[in-house]
Amino acid sequence: MLYRNRKVGDNLKVELTLPVPTSINALYINQFAYNPKTRKREMTGAKILSKQGEKRKAEIANAAKEQLQGQDWNYEWTKENFVYQDAVIHFARRGSDDNNIYKLLNDTLEGIVYDNDSRVLVRTQRIVYDSTNPRVEVT
């Protein structure tokens with residue numbers, strides 16, 4: 001759940017069910033570029049989002065935009081305040097690390113749910129296993 005920091009009369013809340021983000025371990029790949037001097041493709045040293053990461057980022061963004069409609073949330077408020085992000089993670093298999101999914105999740109929700117992911121306080125509430133419907137329930 002994304003909660004705003006509590007103030008008197010403050011009780012905005014968002015509930016989203018999103019695809020499990022790509023792990024940070026598979027999120028980035030090395031960028032290559034053609035070097036005309038050597039006539040070979042060489043690593044540039046830069047890391048770019050993998051195809052799998054791009055696809056999952058688009059899926060998460062679309063799901064978040066669709067589910068955010070009709071919910072009582074104030075995006076502008078997040079520009080100056082911290083929000084709590086509680087997550088229940090339903091992994092497809094054991095051995096997955098919850099810390100590895102937050103990079104893509106928070107980067108994707110930035111600009112949709114909140115202004116800047118540096119103002120999000122992440123809290124994993126529970127990890128369960130569901131091989132038929134892996135997901136992240138964010139509140």
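**Pocket and core in a predicted model**

Modeller: This is a predicted model. In the largest pocket, α2 gives the most to the lining, with three residues.

Colleague: Which elements give two or more residues to the lining of the largest pocket?

Modeller: Those elements are α1 (24-27) and α2 (51-68). The lining has 18 residues, and V20, P21, S23, R93 and S96 lie nearest the centre of the pocket. The space inside is about 360 Å³.

Colleague: What makes a lining residue nonpolar, polar or charged?

Modeller: The residue type decides. By class, the lining has seven nonpolar, seven polar and four charged residues.

Colleague: Why is R119 said to sit over the ring of F82?

Modeller: The charged end of R119 is 4.2 Å from the centre of that ring. The cut-off is 6 Å, with CZ of Arg also within 35 degrees of the ring normal, so the term applies to R119 and F82.

Colleague: What makes a set of residues a nonpolar core?

Modeller: Its members are buried and joined through side-chain atoms within 4.5 Å. The largest such core has 28 residues, and L16, L18, L105, L109, V113 and V136 touch the most other members. Two or more residues come from each of β3 (16-18), α2, β6 (83-91), α3 (102-109) and β8 (135-138). α2 gives the most to this core, with five residues.

Conventions. Residues numbered from 1 in each chain as written. Predicted model: local features only at pLDDT ≥ 70, side-chain atom pairs only at ≥ 80, totals over all residues. Heavy atoms only, no water. 1 Å grid on protein atoms, 1.4 Å probe; cavity = no way out; pocket = protein on both sides within 12 Å on 5 of 7 lines; lining within 4 Å. Points joined across faces, edges and corners; volume = space filled by probe spheres on them. Helix = DSSP H or I, 4+ residues; strand = E, 2+ residues; numbered from the N terminus. Nonpolar A, V, L, I, M, F, W, Y, C, P; charged D, E, K, R; others polar. Buried < 20%, exposed > 50% of the residue type's maximum accessible area, 1.4 Å probe, protein only.
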